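Hi everyone, thanks for coming. Today I'd like to walk you through a structure that may be new to you, so please have a look at it with me.

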Amino acid sequence: MTLKDLYKNRDKMKPKRRSGCLCPLNQQDSQGKSPFPAADVKTPKDDDLIRQALKKNEFLWNVLTEFSMGKLLECFQLKHLDPGEVLLEEGKTNTHLFVLKNGTFEIVENEKKTCNVPIMGVFGELAILHSTRAPQTVRAVSQAAVWTVDGSRYKALMVKARMQKRNETVDYLRNVPSLSKASEHRLYSLCDILRESCYEGKALLAKEDETIDNFFIVTSGKCSPRALGKLNVRSATILATNSSRRLDKLTSGCFYGENILKKDTISPYTIIADFGGVSCLVLSRQAFLDHYQDLDDFLHGKTFSCDHQRLNYEGLELKQLKKLKTLGVGGFGRVQLVQNTKQKDEIFALKLMKKHEIIGKTQIEQVYNEKKLQMGCDCPFIVRLFRTFRDTKYLYFLLEPCLGGDLWNLLKRQRRKYFDTEAAKFYAGCVLEALSYLHCRDIVYRDLKPENVMVASSGYLKLTDFGFAKKILPKHSSYSFVGTAEYLAPEIIQKLPHDKGVDYWALGIFIYELLVGKSPFRNEEHNDLKTYQAILRGFDFVTFPSIISPRARNLIKKLCKHTSIDRLGCLKNGVKDIQTHPWFSKLDWEKLRQKELEPPIRIALNGKTDTRYFESFKEDKEQVMEDFSAWDKDF
C-alpha cells in the first residue's frame, strides 16, 4: 500500500467522535453525606400514572428495572408553571426528566411550533444518564404542572442503593462456611455472578435424592424444605427429610446447596417456596465453574497489583523542549511533537492541558488519576508516559511519540474505508494485549475506539489517553456514565455497576468497526438517544454485512453479550477464551508480543520528526488564563 492510497481521501474524512465523562458522580452524594430534601408527597394514583408514562417510553422502558423504577419514583417533585413559562429552552443544558401532569405545552424547534405535549407525556429522558442540550423549546400554553426529577439526584440515590445492596449480598456470603475464608475482593466479584430470582408459593427449587444445580440464599419471604412423598401436601411448609428429622424454615439470610461449589451434589431435601413466595440470590454450579476452576481457585486464585516503573528523564526540564508541530487537538488542549534541544535525537509527544478548563470542568481528580495509571504502565502495547510538568497555564504529559498517527485516521484513509480480515486481526490482537495487561492490574480502560489507539513507527498499535481509565476493585465498582456513545456497554447506560466487561464489549464494537468501517450502533443523525436505544436492543437487531465472516460474527456476539459476566474475557479462562477463538486461529500471539510479525501496513518515515501521518492544525492563538493556585503542586 502506498502513501498515495492512504491519503487519497484525506479531505473527505468525517470529524472524530468526542469522548465524554458525561455524568461524573458526586462522591459526596453517592455516600449519602449530603441528604436530599424530601420529595413532594405523591398519592398512589400519582405514582401509578407516572409509572405508566415511563413504561410507555421505549428508551426508559429498556433502561429502567423495577428496582431503579422504584428509586426514580421516589425522586419526583411537582413543578407548577404559568402560561408562557418556558420549561426547556432549545440549545440550553438540561439536567431534568419531566412527566406532564396537567395543562398544555407547545414544542418549538427553530422558532417553529411542531406539536403539543400530550398529557402524561415524557421528555428530557437523557437527563437520568447525563446532562444534554435541549433539542427543542417546551413552553406552557396554560396553567400547567409537571412531575420532575433532577438527574444527579436520581443517579446518586441509585448508586447509594446499589452499593448497599452489594454490601448486603457480601454479608450474606460471609455467613456461608465454605466461603467465609475468601478475601473481600473475591466475595465482591461473586456478587456479579449471583442472580436474583423470585419464586411463587409452592414452587419447587430442589428435589430430594436428585442432583441439585443451584446454591440459594434467601433474601426475603420464606423457603420451606420437606421430604417429598413423606408428608401431606398441606404440610408443605414443614421442613423434614423423614419422619424423625425436622428442619426449621429457611428465612432471610439462610442458604442451601453450598456443596455444589465443591462437587456435584445430591439434595437431601426437597425445597419449595412458602405460600407467600420467596426471593433468593441464586448461583448455578455451571455459572460458578464458568468463572472459577473450582472452590480452591475462588478462595486462593492469583491477584495482581499495578507495576510502578522507574521514572525516566527526571533531569529533563520543560524549557529544553522545542515545539516542532501540533499533532492533535482535544478537549483540554493539544498534543505537540517536541525535541530535546540538548539531546536532539530525543523526540517526544507533549500533551498540554489547560489548567483553567480542568478546574472549570471539575476534572482535577481525573487528571491525577490519568497520570498515576498511565505512568504505572510498562507495556509494549501502551503509550509510555515518561514524566509530567506544570506551569501557570498548563499541565504537561511527556509521552512516547507514535508517528504513524491514530488508527481512526488510518482506517478512514483506506480506499474501501475498512480493513481486511488479516489487518483487523492484527490490530485487534494488539489492543487485546493492552487490555489484558490492564485488566491483570484491575484497571478498566473505558474508552476504547480507533481514535484512542496510536500507530507506532513499527506499524504496531499502542493504547493511549487514560483520561477515563480507572482502577476498579470488586468492592468499588464504578457507576459513572463515561465513554463514547457508540461504544457504551448496556450496563453503563442502565446505570449498573461496571467492570472490565465494558472493555470486552467495546472490543467487539472495535472489531466490527475495523471490518465494516463504522460502528454497529451509529445513526446518521448522531442522535445519542437513538444510539442508546439500539445498544439496549442488542446485537439480535444488528444486521451483519456479508464482509463479516461467520467466525468474526460469532466472536463479536460473544464479546457483546448483554450481561457482562457472560462475555468472552469475563469467564474463568479470561482473555484466553478470546485468544483461542477460531477467528484468531492464524494469529501467532507469542510472535505478536515479541513484535516478530509483519504489520499489515508499513509506516514509511523520513526520520524521527516526519509527521506525514497526522492532520494539519492551526496554531492556537487563544490567550490562556493563568492559575496560581497550588492544587497541582504534586504534578
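Predicted model: local features only at pLDDT ≥ 70, side-chain atom pairs only at ≥ 80, totals over all residues.

Let's begin with empty space. Rolling a probe the size of a water molecule over the atoms shows where empty space is left. How many cavities of 30 Å³ or more does the structure hold? The count is one. The volume of the largest cavity is about 70 Å³. There are 13 residues lining the largest cavity, and those closest to its centre are R446, D447, Y487, V502 and A506. The largest share comes from α15, with three residues. And what is the lining made of? Eight of its residues are nonpolar, two are polar and three are charged.

Now for the salt bridges. The count for this model comes to 26, and I've picked a few to show you.

Our opening example is K165 with E196, where the closest N and O atoms are 3.2 Å apart.

Next, take a look at E422 and K425. Their closest N and O atoms are 3.5 Å apart in a salt bridge. Here both residues belong to helix α13, residues 421-439, and they are three residues apart, about one turn of the helix. E422 is partly exposed at 47% relative accessibility. K425, on the other hand, is buried, with a relative accessible area of 9%, and the cut-off for buried is under 20%.

My last pair is E590 with R593, a salt bridge whose closest N and O atoms are 3.4 Å apart. Both are in helix α19, residues 589-593, and because they are three residues apart there, about one helical turn separates them. E590 is partly exposed at 44% relative accessibility, and R593 is partly exposed at 31%. Beyond pairs like this, there is also a network: K355, R390, D627 and D632 are joined into one by salt bridges that share partners.

Let's move to helix α5, which covers residues 66-75. Which of its residues are buried? They are S68, M69, K71, L72, L73 and C75. And what do the buried residues of α5 pack against? Their neighbours are the helices α3 (44-56), α4 (58-63) and α6, along with the strands β2 (77-81), β5 (96-102) and β11 (144-150).

Finally, a stop in a loop. E208 lies between β13, residues 204-206, and β14, residues 211-212. With a relative accessible area of 15%, E208 is buried. Along the chain, E208 and S267 are 59 residues apart, yet 5.1 Å separates their C-alpha atoms.

That's my tour, and I'm happy to go back to any part of it with you.

Conventions
Residues numbered from 1 in each chain as written. Heavy atoms only, no water. 1 Å grid on protein atoms, 1.4 Å probe; cavity = no way out; pocket = protein on both sides within 12 Å on 5 of 7 lines; lining within 4 Å. Points joined across faces, edges and corners; volume = space filled by probe spheres on them. Helix = DSSP H or I, 4+ residues; strand = E, 2+ residues; numbered from the N terminus. Nonpolar A, V, L, I, M, F, W, Y, C, P; charged D, E, K, R; others polar. Salt bridge = Lys/Arg side-chain N within 4 Å of Asp/Glu carboxyl O. Buried < 20%, exposed > 50% of the residue type's maximum accessible area, 1.4 Å probe, protein only. Contact = heavy atoms within 4.5 Å.
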